Every structure is written in C-alpha cells, then in structure tokens.
Amino acid sequence: MKIKYFLPMLFTAVLLFSCGNNKTEENTKKEKATEFEYVVEQFADIKVLRYQIPGFDELSLKQKQLVYYLSQAGMAGRDIMYDQNYRYNLKIRRALENVYQNYEGDKTTEDWKNFETYLKRIWFSNGIHHHYSNDKFIPEFSKEYFDTLLSETATELTGEAYDVIFNDADAKKVNLDEDKGLINGSAINFYAPNVTADDVDKFYAARIDRTDETPIEYGLNSKLVKNDDGTLEEKVWKVGGMYGESIEKMVSWLDKAVTVAENEKQAEALKLLIEYYKTGDLETWDNYNIAWATSTDGDIDYIHGFIEVYNDPKAFRGSFEAVVQIKDFDMSKKMAVVSENAQWFEDNSTLFPEHKKKNVVGVSYKTVNVASESGDSSPSTPIGVNLPNNNWIRQHHGSKSVSLGNIIDTYNNAGGTDKLKEFAFDEAEIEAEIEYGQLADKLHTSLHEVIGHASGQINPGIGQPKETLKNYSSTLEEARADLVGLYYLPSEKLVEMGISPNAVGIGKAAYDGYIRNGLMVQLVRLNLGDDIEEAHMRNRQLVADWAFEKGKAENVIEKVVRDNKTYFVIRDYAKLRVLFGELLREIQRIKSEGDFEAGKALVQTYGVKVDQAIHKEVLARNSKFKSAPYSGFVNPVLVPETDAEGNITDVKISQPTSFSEQMLDYAKRYTTLPDVN
C-alpha cells in the first residue's frame with residue numbers, strides 16, 4: 001500500500017495506501033533551497049518538480065551499478081502502465097508524440113498550446129484519463145485542428161483510438177459506482193470489453209477457497225478475457241505471455257542486478273522475482289515477497305511488480321510499478337523506534353481484543369531516498385509505501401514500510417503558506433501548522449504505513465478484503481490506516497519514544513489539517529457537482545465527515561461562518577481523538593468480519609456525496625491561487641560511464657531540463673510494446 005502526496009499541502013494527513021496517496025491541499029511553510037530549481041513547469045492542474053538523490057555519490061561502484069540496473073528494469077516496463085490504463089493509450093500517445101516532434105506549422109497559436117497541454121496531461125497520467133479523478137481528458141482543440149496536425153505530420157490515427165479523444169465513450173478509467181457498472185463503466189484494460197462484473201465474481205468464486213489461510217493474490221498479474229465460446233481465461237503477464245516483450249527486457253536488467261546484489265538474501269529475492277516474471281506463477285510471487293520482506297540488510301532496496309489494485313474496480317489486478325531507493329541512515333535510525341514498538345501500538349489500540357494481533361512480527365521501517373520511479377509511481381509518486389499487500393505474508397513474515405524522504409523534502413521546498421492562511425480559522429491554527437505541520441506529516445506517514453497497515457487481524461475463514469468488501473476495500477483500508485495514525489499522534493508515547501517534541505502541538509496541527517482538508521480543501525480537485533469517486537479522497541471525507549456528524553451533540557467540531565467564509569473548527573481535541581478511536585474499531589470490525597453492508601453504508605453515507613454549497617465556496621476561494629493542486633516528478637537521469645570494454649566505471653546524475661524532454665527520451669529508449677495488446 002502507498003501514500004501519495006498531492007501538492008500543494010501543509011499537512012500530509014492524506015495517506016494514499018498500497019498504501020499510497022496522501023496529502024492535504026494546502027502548502028507547507030518551507031525554507032527554499034535557492035541552489036536547486038525544484039519546479040520544472042506547470043500546466044493544466046499539474047506542477048512538475050525535480051528531486052535530488054542525497055547520498056548517491058557516497059555509494060560504492062557496485063551499489064551504483066545496482067541502482068542503475070534496477071532503474072532500467074523499471075523503465076523497461078513503462079509501456080505496460082499505459083496499456084493497463086486503457087487499451088488505446090499507447091496508440092494515442094505515439095500518434096501525438098509524432099505530431100509533437102514533426103509539426104512545422106505555427107506553434108504560437110492557442111490551438112497548438114492546447115494540443116501540447118493535452119499531450120503533457122497524457123504523459124503525466126500514463127494515459128488519456130486523469131491520474132486522480134479518473135475522468136477522461138477533454139481536448140481544448142477542435143477535431144478539425146487535430147485532423148490538420150495529423151495530415152501535416154503524416155501521422156495515422158483512425159477508428160476507435162481516434163474517436164475516443166472526442167466522444168463520450170470510456171469516460172471514466174475506474175468507476176466505483178455500482179449503478180453504472182463496475183467493469184462496464186470502467187475503461188481500465190484489466191478486462192476485455194465483453195467481460196461483466198458478474199463474470200468476474202463467478203470466475204473467482206469457483207477458484208477462491210476462503211478457508212485457505214495462505215491464499216495467493218488471485219488475478220493479480222493477468223487480464224481476464226472472454227473467448228468465443230463464452231469461457232473466461234486469464235492472459236498472464238509474463239515472459240512469453242501478455243506484455244512479454246516488456247517483461248523480457250525487465251528480466252534482462254534484473255539478471256544484471258543479481259550480479260551486483262549487496263548480499264545473498266537480496267540476490268535470492270531478485271532471482272525469485274525473475275522466476276516469477278518468467279512463469280507468471282503467483283505462488284512464486286508469494287515466495288518472492290517473503291524473501292523480499294525479510295531481506296532488510298543493505299543500503300539499496302526496490303519495489304517492482306504488479307502491485308497496487310486501486311485501478312481495478314474489483315480489486316484483483318495490480319498496476320505495474322517500480323521504485324529504486326537508497327537508505328537514509330540518519331532518519332531510518334531515528335524512526336526505527338516506531339517499528340520496534342509495533343506490539344505496544346497494537347496492544348493499546350481501540351480495536352476489539354479478538355481483532356488485535358497477539359504477535360506483531362517483522363515490521364521494518366526506513367526512510368529512503370528515491371533514485372528512480374516508473375509505472376504507477378511516476379510521474380505522480382507516493383510518499384510512503386508498505387508492502388507486501390498479501391495479509392497472511394504480513395502477519396506471518398512481516399512487511400517493509402518506507403517513507404520517501406527526498407520526495408517529501410522536495411514538496412517542502414516547492415510551496416508557500418497562502419492556502420493555509422485562506423482556509424485555516426485563526427492565527428493559532430496557522431502558527432501550529434507552521435511550527436508542527438511538517439513533522440506531523442512525517443509522523444502520520446510512518447504511523448499509517450508501519451502501524452496502521454500492519455495492525456489488526458481477519459477472523460478465520462472470512463476471506464481477503466477484496467473478496468468480502470469488494471469495491472469498498474481500498475477506501476476502508478486507507479481510512480483504517482489513517483485512523484491509526486490520527487489516534488496516536490497526540491499520544492505522549494511518541495514523546496517518550498523521542499520522535500515527537502510536543503504531543504499537544506503535534507496532535508492539534510494534525511487534527512486541524514485533517515479536518516480542514518477532508519471537509520473542504522481537497523474539494524479543489526473536483527468539478528462542481530461531482531461525487532467523490534477516488535478511494536483516498538473518499539477515505540478522507542469519510543473520516544472527517546463521520547467525526548463531524550457524530551460529534552455534533554457535544555460540539556466537538558463546529559461549523560463557523562465568518563465574513564461569508566466557512567470554517568470547521570475543532571472545539572474539543574480530546575473528544576475528537578475518542579471519536580477517531582471508535583471509528584477505527586468499527587472499520588477494523590468490518591474488515592475482520594467481512595461485513596460488506598456496513599462497509600458500504602459507511603462509504604456511501606460519508607465518503608461519496610459532496611456538500612455542493614461548500615464545494616462552490618471552496619472553488620471560489622481557491623480560484624485566486626495559481627499553484628496547481630497536483631504535483632509529480634521528472635526523474636534524475638542516471639548516466640553510466642564505461643571503459644573501452646563497455647564495463648560501467650561510474651554512474652553520474654544529471655537533471656532533465658523539461659518534462660517534454662524526458663517524456664520524449666523515454667518514448668525513444670523504452671518503447672517495448674506494440675500499439676495495441
């Protein structure tokens with residue numbers, strides 16, 4: 001699971017889990033580093049940033065080679081993410097790239113600027129649908145102008161791939177509204193167009209044994225298709241199977257990585273990953289995850305595979321992603337105390353006793369610096385990750401949680417405090433955020449990933465949440481992990497552990513930011529009139545709105561209108577903490593017992609519908625700010641230096657000058673799949 005950070009923010013209260021998405025919409029106070037240009041450019045609702053790789057120059061040659069090989073293994077799978085997101089994404093992207101590189105007409109017109117923005121949005125989202133809202137992009141140029149561009153550059157784009165740019169078809173990448181059809185209403189390319197949600201349910205009901213205490217992650221690495229005779233078949237993503245061209249290149253780079261592994265356990269895990277890619281066998285994937293989760297020595301680590309299921313409305317299939325990371329030794333040492341106290345957090349939580357783990361094992365937490373990202377982690381990146389996702393592996397063998405330190409630092413150096421001042425109620429709230437907000441972010445991320453996702457247990461024979469809670473599982477899991485963090489942030493235990501300077505100050509800043517974001521600020525991401533459909537946004541509103549509603553009788557959170565502006569003001573922080581603990585207990589009960597109806601009721605009642613008057617006001621108040629609500633990154637360029645025999649003698653880092661430059665370079669160097677797969 002992962003947490004994603006969406007700028008601009010003040011408090012990373014919003015955790016996205018593989019967890020992975022999380023941050024508020026306000027900007028944090030930063031001291032900007034003038035020697036490094038963090039901002040690349042801004043377009044539409046996107047700001048593109050750069051990040052540095054602290055500690056890279058101190059690595060040995062062998063470690064630099066490992067980082068480079070792993071980064072190339074990730075880039076080799078870049079095309080997979082495009083194709084997973086929509087069946088015509090690659091064809092459309094390549095046609096537009098050809099136009100962009102070959103058009104010799106007037107590039108000062110609004111039409112051309114709109115075409116350029118449309119292409120950049122596709123690059124940023126790995127396809128024609130928004131990376132967060134899942135809505136299809138609407139081009140701000142005419143079909144006639146587009147036809148001219150195609151003609152003058154001799155670019156071919158016809159049929160459905162052409163039509164879908166301008167029509168209403170496949171309007172939502174991931175649809176979570178059952179009334180519109182979870183599968184038929186989603187453009188995601190995990191299922192053939194003639195496969196229905198009922199087909200999926202029946203297919204896996206016949207295969208999944210809910211009494212199996214060590215189940216594989218069914219469907220994780222395949223596309224489900226319907227044959228001419230009506231039978232269903234999984235097209236497995238492996239060497240020799242679907243996406244085989246990309247996976248072969250990935251394997252070739254992973255083979256090189258094995259030769260420079262830091263230790264035997266790391267090499268063993270890499271070899272199992274290679275075997276998995278060659279066979280597509282999900283038991284091998286489990287064996288790999290056990291080896292990876294228990295391989296905790298070394299300075300270099302990585303994430304690689306079909307992992308997060310957020311993009312599957314049925315929560316079976318994993319999106320491809322790759323992250324290469326270098327350990328931040330100082331911060332990892334400081335934060336190790338969180339994982340060392342995992343059992344204390346479990347024992348002292350508000351969960352029912354039967355839902356608590358009696359023996360929390362193998363929770364590893366580190367702060368790392370990212371060296372490369374690809375697939376589902378790029379350009380929009382997580383700020384924290386907790387893996388593996390398979391519950392029984394986490395329970396019996398442990399998990400790894402990481403906070404992406406250099407990504408968070410970049411966010412902290414790329415914004416201001418204007419939005420905070422607009423949406424915070426008073427100077428005390430502003431000052432608390434400025435003094436404690438950044439640290440509260442980091443602590444919430446660590447508690448969310450390390451303790452939150454590792455806490456609790458499922459009752460025997462109930463089955464996995466994707467089977468029992470279905471399309472609500474991701475939202476409820478993110479809410480559960482958020483609530484663990486929120487419950488413990490005001491705890492004196494964190495002060496005793498030496499990671500929090502002030503329980504009251506940290507708690508207040510965290511609670512103010514979470515309520516402010518969940519009830520108001522995150523709405524800047526929606527068009528007026530829209531429901532909330534993205535799982536992490538649903539999670540944040542669910543938690544905040546439930547607490548507001550349940551605390552009304554005692555005025556725990558007060559809705560205040562001042563000078564025609566609305567604020568949600570916390571009047572009783574202690575009682576709010578109690579409410580968070582109660583909701584945590586209930587969501588864990590829902591997960592432990594597989595109570596679909598109760599989970600559905602929570603999400604639909606508190607996480608989906610938006611107060612339209614509040615939304616209209618938020619959009620109006622936000623309209624004066626120029627900073628984009630979403631941010632992502634270009635990757636530093638790893639440049640190998642070689643001797644006369646072709647052996648790598650060093651790896652240097654350079655920074656791309658523009659977003660377009662990097663995207664076109666990637667298209668040239670990492671094209672691995674045909675237009676349609």
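The model is predicted, so local features need pLDDT of at least 70 and side-chain atom pairs count only at pLDDT 80 or more, while totals for chains, interfaces and linings use all residues. Residues are numbered from 1 along each chain as its sequence is written, and side-chain values use heavy atoms, with hydrogens and water left out.

Three strands form an open sheet with mixed pairing, in the order β2-β3-β13. Strands here are DSSP runs of E with at least two residues, helices are runs of H or I with at least four, and both are numbered from the N terminus; two strands pair if DSSP finds at least two bridges between them. At the edges are β2 (39-43) and β13 (630-633), each pairing on one side only. β2 and β3 (residues 46-49) run antiparallel and are joined by four bridges; E41 has V48 in β3 as its bridge partner.

The model has 36 salt bridges, counted where a side-chain nitrogen of Lys or Arg is within 4 Å of a carboxyl oxygen of Asp or Glu. E97 and R93 form one of them, with the closest N and O atoms 3.2 Å apart. Both residues lie in helix α3 (residues 89-102), four residues apart, and both are buried, meaning under 20% relative accessible area, where exposed is over 50% and partly exposed lies in between (1.4 Å probe, protein chains only). The pair belongs to a salt-bridge network linking D79, R93, R94, E97 and D675.

K575 and E554 also meet in a salt bridge (2.9 Å, N to O). K575 is partly exposed at 33% relative accessible area, whereas E554 is exposed at 52%.
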